[in-house]
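I opened this notebook to keep track of what I looked up, residue by residue and ligand by ligand. The entries follow the order in which I went through the structure.

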Amino acid sequence: MRVHVADHPLITHKLTVLRDATTPSPTFRALAEELVTLLAYEATRGVRVEEVVVTTPVAQAKGLAISSPRPLVVPILRAGLGMLEGMVKLVPTAEVGFLGMVRNEETLQPDIYAERLPDDLSNRQCFVLDPMLATGGSLIAAIDYLFARGAVDVTCVCLIAAPEGLAAVEAATAGREVTIVVGALDEKLNELGYIVPGLGDAGDRLYGTV
Ligand SMILES: O=P(O)(O)OC[C@H]1O[C@H](OP(=O)(O)OP(=O)(O)O)[C@H](O)[C@@H]1O
Ligand SMILES: O=c1cc[nH]c(=O)[nH]1
Ligand SMILES: [Mg+2]
């Protein structure tokens, strides 16, 4: 598994405002979107492309175009939806599929409650969006789901990860083509399974349920 922890002052600055408990939902949503666009730059480093030639007003120029089949972007509902616009801004031709997952707050086990994905993901590059990688249970279930459908490689874009969750994803996906791009690697999980210091419940903060 390849892990890239973003080390850029702009990303850390935006994450700092996001973490602040006094940041209201509208600002939180705007920042989450901006952060994804910055992280997507790194996450799409390995996007499959093919050589093309275009005619400029002066001459022919060799260039690159995203190749077929198009990348598939999969936000994990609910919180991952707050990252979708930022990602498709950068890759407007991507197809979008959805996975709805909720973590049982007592057992911390993920449950898939909705799915809208192409049936066949063979030969597809998938980009999973979920702001929080805590125990890793949700991301592991999402990655397993995509590989079971035929995906060939999965890149996950997260805003904040806990070391415990990252290690769990690494152990569960050994031998498969998985990349994690994350804005910050935090200290630990607390006894409730929340990332410390983290930013609280990303879904609640995005959608104003607290
Ligand atoms: O790594 P894990 O321990 O599995 O936790 C991370 C998951 O928890 C949050 O979703 P949540 O279940 O709160 O659903 P929501 O997005 O609807 O709030 C988050 O968006 C991840 O999907
Ligand atoms: O810290 C956490 C852990 C799981 N889900 C969240 O939204 N935040
Ligand atoms: Mg939540």
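This is a predicted model: local features need pLDDT of at least 70, side-chain atom pairs count only at pLDDT 80 or more; totals for chains, interfaces and linings use all residues.

**Entry 1**

Is Leu133 buried or exposed? I counted 27 C-beta neighbours inside 10 Å for Leu133, and because 20 or more are needed for a buried residue, Leu133 counts as buried.

I then listed the contacts of Leu133, leaving aside its neighbours within four places in sequence, and noted Leu139, Cys158, Ala161, Ala162, Gly165, Leu166, Val169 and Val182.

Next I looked up the largest nonpolar core, which has 53 residues, and among these Leu129, Leu133, Val157 and Cys158 touch the most other members. Helix α2, residues 25-43, gives the most to this core, with eight residues. For Leu129 I wrote down Val36, Val73, Val74, Pro75, Ile76, Gly80, Met83, Leu84, Met87 and Val157 as the residues that it touches, not counting those up to four places away in sequence.

Which residues come nearest to ligand 1? Of the 23 residues around ligand 1, I noted that Arg78, Arg103, Thr135, Ser138 and Gly203 come nearest. Going by secondary structure, I found that β6 (98-103), β9 (132-133), α4 (137-148) and α6 (202-207) each supply at least two residues of this shell. Sorted by class, the shell around ligand 1 holds 12 nonpolar, seven polar and four charged residues.

I compared this with the record, where an unreviewed UniProt entry carries a "binding site" annotation that covers Arg78, Arg103, Asp130, Pro131, Met132, Leu133, Ala134, Thr135, Gly136, Gly137, Ser138 and Asp201.

From that annotation I picked Gly137, whose place is in helix α4. Gly137 is buried, because 22 other C-beta atoms lie within 10 Å. Beyond its neighbours within four places in sequence, I found Gly137 in contact with Arg103, Leu108, Gln109 and Pro110.

**Entry 1: the surroundings of ligand 2**

Around ligand 2 I listed Ala79, Met132, Ala134, Gly193, Tyr194, Ile195, Gly198, Asp201, Ala202 and Gly203. By class, I sorted this shell into six nonpolar, three polar and one charged residues.

Gly200 sits in the loop between β13 (195-196) and α6, and with 15 other C-beta atoms within 10 Å, Gly200 is partly exposed. Setting aside neighbours within four places in sequence, I noted contacts of Gly200 with Ala21 and Arg205. Asp201 also has its place in the loop between β13 and α6, and Asp201 is partly exposed, with 16 other C-beta atoms within 10 Å.

**Entry 2: Ser68**

Where is Ser68 found? I located Ser68 in the loop between β3 (60-66) and β4 (72-77). Why does Ser68 count as exposed? I counted 9 C-beta neighbours inside 10 Å, and because 12 or fewer make a residue exposed, Ser68 falls in that class.

Methods. Residues are numbered from 1 along each chain as its sequence is written. Chains are lettered from A and ligands numbered from 1 in the order in which they are written. A residue is near a molecule or strand if its C-beta atom, placed from the backbone, lies within 6 Å of it. Helices (H or I, at least four residues) and strands (E, at least two) are DSSP runs, numbered from the N terminus. Ala, Val, Leu, Ile, Met, Phe, Trp, Tyr, Cys and Pro count as nonpolar, Asp, Glu, Lys and Arg as charged, and the others, Gly among them, as polar. UniProt positions are given in the numbering used here, feature names are shortened, and annotations may be inferred rather than shown by experiment. Two residues are in contact if their C-beta atoms, placed from the backbone, lie within 7 Å. A nonpolar core is a set of buried Ala, Val, Leu, Ile, Met, Phe, Trp, Tyr and Cys residues joined through C-beta atoms within 7 Å.
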